[in-house]
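I opened my notebook to look up ring pairs and helix packing. Here is what I went through.

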Amino acid sequence: MNVSEVQVSVGQHPLNQLRRYDASAISRYYRYRPWKALWRSLQIVLSFAGFFIGLKLDTWQNREEQNRLRRAAQLRETLTRLGPTFIKVGQALSTRPDLIRKDFLDELVKLQDQLPPFPTEIAFSIIERELDRSVDEVYSQISPEPVAAASLGQVYRARLYSGEEVAVKVQRPNLLPLLTLDLYLLRWAASWMAPWLPLNLGHDLTLVVDEFGTKLFEEIDYLNEARNAEKFATNFRNDPTVKVPAIYWRYSSQRVLTLEWIHGFKLTDVERIREAGLDSNALIEIGVTSGLRQLLEFGFFHADPHPGNLFAMAPHCNVDGSRGSANQMSAQMAYIDFGMMDQLEESAKETLVDAVVHLINKDYKELAQDFVKLGFLTPDTDICPIIPALEEVLGNVMGRNVRDFNFKTITDRFSELMYEYPFRLPAKFALIIRSLVTQEGLALTLNPEFKIVDVAYPYVAKRLLKGESPQLRRRLIEVLFKDGKFQWQRLENLIAIARTDDRFDLLPTAQLGLQYLLSDEGKYLRRQLLIALTEDDRLHTAEVQRLWDLIKDDLQPARLFNAAIGALAGISSSRSSTLIPSALAFINKGV
């Protein structure tokens, strides 16, 4: 394909005019071109047939070990030949070292950014057509060959005339016709295969294909990706551990994106990360915590965090990429490729927090109701028989030790319930689950002994203890009170777990707690605490003493006094006038 052919195909092909996924328009186009669908179907069937026949022959001839590397390379080459849709499947599998054996994993990882590039002559032609100026007018320097090639585009390293080093992302030519043909075939297959598949989705399988198509169309719109990147950066603007590249809007369009160059290492490059002096466990913590913040705080999450989209970096790298002194090297993670993102509604975000609280409390009736709110169960579902099933599955998953929990285990066990009970998987949560298991898979690559709860549970504990919003304060009360009784052990556990993070400072949390306790909103909690201190006809001094022993090292008298004054300052003067004397007396007694 020469440059002129590319210009014609990119600009004039009917499907290239689509800006949003439209299943009806795609169906109308290919319905009158059956030869295209038939030829593509034969390509897919024959490609995979060769791979599976090879596996069977290896088994019959007892040559499985001998041909492992050969078959792994064959699978990667098969997916690459079939194009972007199937490359996306391979990328998802490449993040699961606990699912895919190492020889296959090593090959599938190459699908992230080691794909065959298209000619630079064509890429430069696309840049000039999209930006309406020559490449030399836009960039003072640009690499003669792409530095990375992915499923939907390829990247060049360049420099602007203003001096900034940038990455230039150019979309593959004639991309939409190939994607739409695959989506058409997938949708057609889903419509007649769904009744024969052991699936319990609760809705038409074609809706899953439509959701996939919608996300693919969003991903190939680079202006949409740029907007997503800036929104993501705004969410993490106060977090120095998360890096988002700046967007250069003047040099970007729907098919060309110019953004800040990131100096870093892929998360799967464990050796280079160690050589750079970066702590892999710190990177894991950044990844898990930022993932939880995306879901539980912002509701705006990166749905495609595969190894090619996440980089480990030191925030004090020099311009040439060399690292600074040892005392400068603190871990930082860079996110790139914001094409596949999604947004959780506020109600869904709050229900997710509720579900975590109910899972911690082992309140399976409330958890079943959360599944109804989230759309996993229809509102008319009888949850009574589901409650003991949840208790059996999730109780065993949690085990005696919360560290035994991982997403791989829970998704495997939960899939059993999908077939026995009327659960369905909402399309949005399919993306969330994919995001979570992908990040867990990356963490396992850095540290095979990693337990996601070691990071996630302290994060949840800290958020509950801080109670920055009325919703979180209500959920903290749900954790601390069960059947009207104060759960002293749960409070001890929350504090102990939160303190496993060395950066967690208990004093600001205590200040917020005291401020809440003395407010009108805390009236219920004050009453319940008084009842808790005297319930069962005894003073619970032993429990209070245990709590004090747990926190006294963090609450030095002078700091505690200052925190109390700060908390009282937040209460209105009319309300605090009656509470300040008693509060100060309590503090002085503690000091």
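How many aromatic pairs does a search of the whole structure find? I got 15 aromatic pairs. Rings of Phe, Tyr and Trp (its six-membered ring) pair if their centres lie within 6.5 Å; planes under 30 degrees apart are stacked, over 60 edge-to-face, the rest tilted.

I noted the ground rules. This is a predicted model, where local features need pLDDT of at least 70 and side-chain atom pairs pLDDT 80 or more, while totals for chains, interfaces and linings use all residues. Residues count from 1 along each chain as its sequence is written, and side-chain values use heavy atoms, without hydrogens and water.

**Entry: one pair.** I looked up Tyr21 and Phe217, an edge-to-face pair, 5.8 Å centre to centre with 65 degrees between the planes. Tyr21 is in the loop between α1 (3-12) and α2 (23-31) and Phe217 is in helix α10 (residues 205-219), so the pair ties together parts 196 residues apart in sequence. Helices are DSSP runs (H or I, at least four residues), numbered from the N terminus.

**Entry: a cluster.** I found Phe48, Phe51, Phe52, Phe86 and Phe104 linked by ring pairs.

**Entry: two helices.** I checked α3 (residues 34-60) against α4 (residues 68-82): their axes come within 11 Å and cross at roughly 175 degrees. Axes are lines fitted to C-alpha atoms, for helices over the stretch in contact, with angles from 0 to 180 degrees between N-to-C directions. That makes α3 roughly antiparallel (over 145 degrees) to α4. Among the contact residues (heavy atoms within 4.5 Å) I listed Phe48 and Phe51 of α3 and Leu75 of α4.

Conventions:
Parallel < 35°, antiparallel > 145°, perpendicular 65-115°, else oblique.
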